[in-house]
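Keep the viewer open as you read.

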Amino acid sequence: MIQIGIDYYPEQWDRSMWEPDIAKMAEMGVDVVRVAEFAWGVLEPEDGRFEFGWLDDAVDLIASHGMRVILGTPTNCAPRWMYVDHPDTVQWDRDGRPTNLGIRGHRCQESATFRDYASRIIREMCKRYAGRPEIAAWQIDNEIEINHCTCPTCTAAFKAWVKARYGTLDAVNAAWGTEVWSGQLTDWGQLTPPLMRQGEGFQPDWYNPAYYLDYERFCASSTAGYVRFQTDIIREYDPDATITTNTCFGGDMMPGFHEECASLDVASYDNYPPVTFSADEPHSNAFGLDFVRGFKRRDFWIMEELGGQMGCWGPISPALAPNMLEGYSLQAVAHGADLLSFFRWRTASTGAEMFCHGLLDHANIPNSRTRALESLVARLKTMPGLDDTEPVSKVAMLYGADQEFSFRDQRQSDGFAYWDQLRLFHDACMNLGVGVDVIEQSSDLAGYEVVIVPSMIVCDPEVVSHLEAAAKAGATVVVTCRSGVKDMNGNCVVGRPLPGLLADMCGCHVLEYDPIGRARRQVRTVHDTTLAVTSWCDLVECDTAGVWASYEDRPYDGIPAITCNAYGKGFVYYVGTVGDRDLYRTLMGSIMRERGMAHLDDLPAGVEVCERSGEGGTYRFFFNDTMDEKGLMVDGHLVTLEPLGMAIESDEGWK
Amino acid sequence: MIQIGIDYYPEQWDRSMWEPDIAKMAEMGVDVVRVAEFAWGVLEPEDGRFEFGWLDDAVDLIASHGMRVILGTPTNCAPRWMYVDHPDTVQWDRDGRPTNLGIRGHRCQESATFRDYASRIIREMCKRYAGRPEIAAWQIDNEIEINHCTCPTCTAAFKAWVKARYGTLDAVNAAWGTEVWSGQLTDWGQLTPPLMRQGEGFQPDWYNPAYYLDYERFCASSTAGYVRFQTDIIREYDPDATITTNTCFGGDMMPGFHEECASLDVASYDNYPPVTFSADEPHSNAFGLDFVRGFKRRDFWIMEELGGQMGCWGPISPALAPNMLEGYSLQAVAHGADLLSFFRWRTASTGAEMFCHGLLDHANIPNSRTRALESLVARLKTMPGLDDTEPVSKVAMLYGADQEFSFRDQRQSDGFAYWDQLRLFHDACMNLGVGVDVIEQSSDLAGYEVVIVPSMIVCDPEVVSHLEAAAKAGATVVVTCRSGVKDMNGNCVVGRPLPGLLADMCGCHVLEYDPIGRARRQVRTVHDTTLAVTSWCDLVECDTAGVWASYEDRPYDGIPAITCNAYGKGFVYYVGTVGDRDLYRTLMGSIMRERGMAHLDDLPAGVEVCERSGEGGTYRFFFNDTMDEKGLMVDGHLVTLEPLGMAIESDEGWK
Amino acid sequence: MIQIGIDYYPEQWDRSMWEPDIAKMAEMGVDVVRVAEFAWGVLEPEDGRFEFGWLDDAVDLIASHGMRVILGTPTNCAPRWMYVDHPDTVQWDRDGRPTNLGIRGHRCQESATFRDYASRIIREMCKRYAGRPEIAAWQIDNEIEINHCTCPTCTAAFKAWVKARYGTLDAVNAAWGTEVWSGQLTDWGQLTPPLMRQGEGFQPDWYNPAYYLDYERFCASSTAGYVRFQTDIIREYDPDATITTNTCFGGDMMPGFHEECASLDVASYDNYPPVTFSADEPHSNAFGLDFVRGFKRRDFWIMEELGGQMGCWGPISPALAPNMLEGYSLQAVAHGADLLSFFRWRTASTGAEMFCHGLLDHANIPNSRTRALESLVARLKTMPGLDDTEPVSKVAMLYGADQEFSFRDQRQSDGFAYWDQLRLFHDACMNLGVGVDVIEQSSDLAGYEVVIVPSMIVCDPEVVSHLEAAAKAGATVVVTCRSGVKDMNGNCVVGRPLPGLLADMCGCHVLEYDPIGRARRQVRTVHDTTLAVTSWCDLVECDTAGVWASYEDRPYDGIPAITCNAYGKGFVYYVGTVGDRDLYRTLMGSIMRERGMAHLDDLPAGVEVCERSGEGGTYRFFFNDTMDEKGLMVDGHLVTLEPLGMAIESDEGWK
């Protein structure tokens, strides 16, 4: 059974509410309750004085209603006394100043003092709860961001990381190319994080990008180390503990998720899909789900599933539309979620998130969201084997944290976005009914028929070898523009036309390129289809490859833009430009047909189809990710999907 | 007689200009001259050395021309030597850093050292001028903003305020709900103002809103205390002194005006209406006038009336259109201004405000604005009894500083603005020819037929009692969405449907709500009128109330949006959504008809009608607050109003 | 011969690449190679240890291929060890904090310690290279910005500058009008630069503008002194050295270019014209070229000519369109460039500018830009006498750094821009085939038939005398609105109608003015042409002048906007408003006809015509500064210009 969870904060509610709240959860079919993730201040009200009685009671109460507990380590929010009494525990901002206290996440992840305190509270929790049957799992901290702290401790840690990587300053200078702008380091004391004034024009792109890439790698490594620091403690007390952390995406604060999740058992995700639909932007919440599944290359959990109107750091968001709670929940399941824990039981009445709504409003009366949850639970009960299945994918898409870091630093063209490169291919596959695994770039590629390599700007020769091997063995590999630009130090490759190390397998090379920004041009394919392109135009010359599409407009008319090269038993496509959704759907459809891979050719726009199968059976998910009714033919039958509606076809029929 | 004043800065002009300037003022019919508000540096050029001779001369010169003086305490701008010699007198910014000097308003209002210096200069002024017949009144400081200073003194004052309010940290923690995000305070040393980096993403809405509300209350109280500190000194020397301060509105720096004005005799306002008209935005300068009249619930003064093109912190604004100076002046009078002091005699030739224009340009030759002032004076002379009248209002609108502070912190929906809630109702009344008193929410409601309660998010039980009593006694009370959400600590009320404590008198409750942002929907009224709504949709369920309007669009079609409840001898409306101007005009027109209250039904859009009456007679003001000519029928006669034209009907005919 | 140069950074490339790179340059016809401008870190890897061997080799290699060297002093980027070991060498930002290190330009130009280090490295270079035939010229530092450093040294330097200018604080207070807002300075210790928080609302316009003007004058003087500090050293070693520095424009960081260039032999410019064309904005790269020619009133150099896609502090820009490299290069030549050095040979593979493209991409293969350079060189070879000619101008336009500083501080109307005042007149002349000298306002005006005086807000009586003399002697002088507003202290002139000191020669005065912002109105000329105006409307009254154009719209209909006054043997126009391009073309065309000056009346929009002549012959340049093909009749022949195409007519026919 797919498990249903609830994020609950007993410490925020009067004792008299616990029993009715928990009883109601149980009655609604909830399996697990997540608690304690922000409770440090209640658990340790004074330095060294612990108050676990209330948590004992809460755990017991939950267990007494037949549910289990996911226990959060409360380290995201240390008590105020710790920060004030030990200023070395406070995170510093990117301008090199201690963070103003009073909000959340102020801890310095590297601080030895903080780690002592964190270790002690985690050990206290472990002593009490580790290994107990009531505890389903542990969650480490909360929505951990990459460690951009600039305090003296983190500065020293960065230095140590650089020293460990390069040994000598000569090696550092050589690797980073510090001869530009007289940036040579001649003493380790000169090495600092890249400080940036808040609100001023300086962007990271003014810094040496090789240095910046290594800085981000250090930060990612620091964050992964912080997670490992916690998992190590918990495993000391319960080697069999199931441990996760709730990742969330977006913005410049994303860590290297794969490295972060290495020491965890399950990857988790805070799933807050959009509640409004824009006509302009492709809507692709499914991408995030496939992305998180790739962290551990197995089914994952949702630790926070959208339960109501968002609010806190901006205006309250619109309410969830009809079908939205159920539809998004099932979309998550379709992509591999085996547990969905809703944020949160009841909207907080205090604190900054008092308008970040839970399932229940402050009024505490049944509403459309609680009814939607009941409907969801009932529906999932009809598919008891679902958690014994996994998403099926013959298509892999490679993601690399290096790429994220590099593009975060250096924008390639006005409007060009690394994530769009991934999402556009992903959307195309969804709309062809083809599952995609988004995997770390160095992963084993065995079993994949198609491998998509979006803009691998920092080019790892080992990954290139994997790709060449896969293509030679028969796979279709799709490489896009801005691949092969940089070496592993983050410096541009000189004297070798793009796509650099990938040029051989692509059978073509780039003569020149034009970052056309938001201008629009056209390509014509070998099938005589005209498709719009934007953002980037590589002027490609074929060596052994054939042309799949050429530019139609002056001054590039007739010059190849997309090529296809027979390579070993496989094919390698080079996509030297950026298209709209149509381009990717056309290209991927063509590849599917070429390879004879199963796919759906006539799905309406915005309808996503994917599959889970395994011991628990086979399930096909038809999700209408739009606000309009959609009709589609499945095996000769018309399936009508309401806005945000999900139809599920199983071995036993429609569910 | 309505008094005419001039803001004059003799210290900025060569002595040779004083006599012709002042003679010309007198010739133009000026009654009072405001002086000295920024003159500290001239009055005390060195610590303890005072130079009052020039001011004596200026006062004498003004008096010799038959005019009186409004004397400003010059405390907004202390001399540079004070800040440099006594760094503890310098205001700190919201990021916890001392303000950069060299502009204005750098004083820390709480600094004991500053207060010593301020006290001394005020006492020097009092010794010289207090009680003299030449002195018409005193103005405290200048455009005092709420005290957001974060210096150690203010931090200590904040702590003391919190301690006085709650006694113990346990009580503070309980009141603020600090268990969220481990925000418990365990030592008073941990309590600081909510610091915010300039230019970064952190908004106040990341802070605990209960804490933030109390912080703003402290700041407001600090500001009021600063005003009282000055009035106490002046009254020591002249118990009969008339004391005011010039308030100005807008932005995040507004103090709690009612508390600030408690120790004053007259409320004043710097009246700078817009000089350009946008088709999109409702133009409602009249609101500010009624708002300031509410500070003391009596007629008020304008200390700075728009005298020319604005300039200083942005491009120079367009020139005043024809009729504008006279029209806006009379609009102020219509709403209760008994004194209009124009900013300023002649445009400064030095200093930051050298393009913030006065009546005269630098050229110093008669111009359209000086001619307009002469015309205004001549017209006011025909209405000598006008200052013995007061605006007439049977409609009250409740304002609370708590509401302002709460909405300032936590945005409720994209596009939702507390002030718009007030202004839209106010505009509707103006356009129905119905006067409105905007009063502090805890004011006595006796005598009002209609009481409007816009978005009382922080809900005071005492105010609720007043409202219930008023409705029971026969008044119509209008409550809007986002009322009753929070308790007096600023925390959300749990377990009681909205509008919370107001639900009983409203006879309805909110099932759920949708902050729809800038989306637009429709409601249909009981009179079958369709009206657009936006921003917020409460899904209302009637208990004893009837439906006044329901949503027309899916998915809320048929659900009540606006209700009306018979309550005692009166009625209570609940407006669960936000409309355009049409909605409020329709609703208020309906209420007027229902109650049989006098109003004008066919006023053209943009025409505002209100009345003053009293011993001095009765005057009806017809103001065309648009740039187009308007015609209207008054008592069977066509009245034509030029753009920005004002027609005044008195007992003696048209003026 | 016009010289062709290349910006080359040997220290950034493997030794093995030097020989092929330099050989290829020579083969392509390159004359000079600019080196070493950022090489301090390589030249002095440790304090006092110099490594010149590599530079010796590079210079020798360049010379051995028949080319010469432009040597950069590497002072823009001091080595990191200097900043870390000597914190007093670090620039402070405008908020009064030391700059974060690790990018470039961190040096404090005033720091004695920095100057010692800079002096030493420059002397080392001089000892080695000064006076050698291989050295064609020296470049000082790089793109020097105005010295806004706020460190203690610069604060002291500012104080010293003020003291030197005014002697006493009483004189300072009098000059700055510090009586406003109690800004009197009573101790030199109170005088600081105008500090500004990053990212906050405070703009310079909150500061006293007279103080701010003097601050900018100090900063400009400081920057000029920094340049002189370097030229003095070089001239010690080689009195005949040719010395330049590469200026660049834009933003708030522009120094006073004329003062900066006083100690230089040649003015230089980094010429990065736009690579995309907007329909909205007038495209006027030619203005910058004429502006830089005015720095020394003679032909100039381009030290960095656009060689490829820009990148670094933003997305990579689009590629150069066909004809663009050649067209822009010839445009620079047409306006007086005698040397064009391209930025840069090959795109950097390391450092922040790795996507700021040179002629060669990282791929290092011939491309469209290298082919364009070859074409350019071949074409220039057909005009060997071109460098013995100069642009021909009978029209002067006056620029003053005071004006730039004043308008930078105080915006006059929404949309009003000082630079647009210059550019619009300049564009009009270009499109009439009339050359313009943009000269410093105090320059000798002999020989000019027309003198344009755009918005001389800070009005120097000496300049007024020059202008009066020129007009009396027969010139046509054109004065525009916002002239004559302030005295030389930066304070507004009182008691004298605008345009102040210029009113007499204009024969008119301004009654009032309306900064109408982005609103649009119309004027009608004496020739019955209707033209759009915006931004500013002076209401002009003629004294002796006649009306050239009057407003057509209410409320200003019939009031003069543009006037013409016969003055001595000449004429003085007063343009009391701001127009579109049409207005300036109409006005300047009218003036040309009136004076019987040679001009072209029917040039298509966007086509610029100008002339160089001298001993080397006469050349007329016809440049199509648009993306559309244009045809024009020249001496009865149709000349067709491709997009960005340049046709050159010489004594020997078309080139």
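Helix 11 (residues 324–334) of chain A lies across strand 21 (607–614), strand 22 and strand 25 of chain A, and its direction makes about 135° with strand 22 of chain A. Angles here run from 0 to 180 degrees between N-to-C directions, with axes as lines fitted to C-alpha atoms, for helices over the stretch in contact. Helices (H or I, at least four residues) and strands (E, at least two) are DSSP runs, numbered from the N terminus. Bear in mind that this is a predicted model, where local features need pLDDT of at least 70 and side-chain atom pairs count only at pLDDT 80 or more, while totals for chains, interfaces and linings use all residues. Residues are numbered from 1 along each chain as its sequence is written, and chains are lettered from A and ligands numbered from 1 in the order in which they are written.

What does the helix lie on? Those strands belong to an open sheet of five strands in chain A, with the order 10-21-22-25-26 and antiparallel pairing; two strands pair if DSSP finds at least two bridges between them. Strand 10 (389–391) and strand 26 (653–654) of chain A form the edges, each pairing on one side only. Further in, strand 22 (residues 617–624) and strand 25 (residues 646–650) of chain A run antiparallel and are joined by five bridges. One to look up is A:F622, whose bridge partner in strand 25 of chain A is A:A647.

Now zoom out to the domains. Chain A splits into domain 1 (3–147 + 224–387), domain 2 (395–595) and domain 3 (607–654), with bounds from an automatic or database domain assignment. The centres of domain 2 and domain 3 of chain A, taken over C-alpha atoms, are 30 Å apart. Four residues of domain 2 of chain A are in contact with five residues of domain 3 of chain A, contact meaning C-beta atoms, placed from the backbone, within 7 Å.

On to the neighbouring chains. The contact between chain A and chain B takes 45 residues from chain A and 47 residues from chain B. On the chain B side, helix 8 (209–237) and strand 15 (508–525) are the elements giving two or more residues, and strand 15 of chain B gives the most, with six residues.

Finally, chain C can be laid on chain A with an RMSD of 0.1 Å by a turn of 120° and a shift of 0.0 Å along the axis, superposing by least squares on the C-alpha atoms of residues with pLDDT of at least 70 in both. The two copies are thus related as by a three-fold rotation axis. They use different surfaces: 4% of the contact residues of chain C recur in chain A.

Technical notes:
Contact = placed C-beta atoms within 7 Å.
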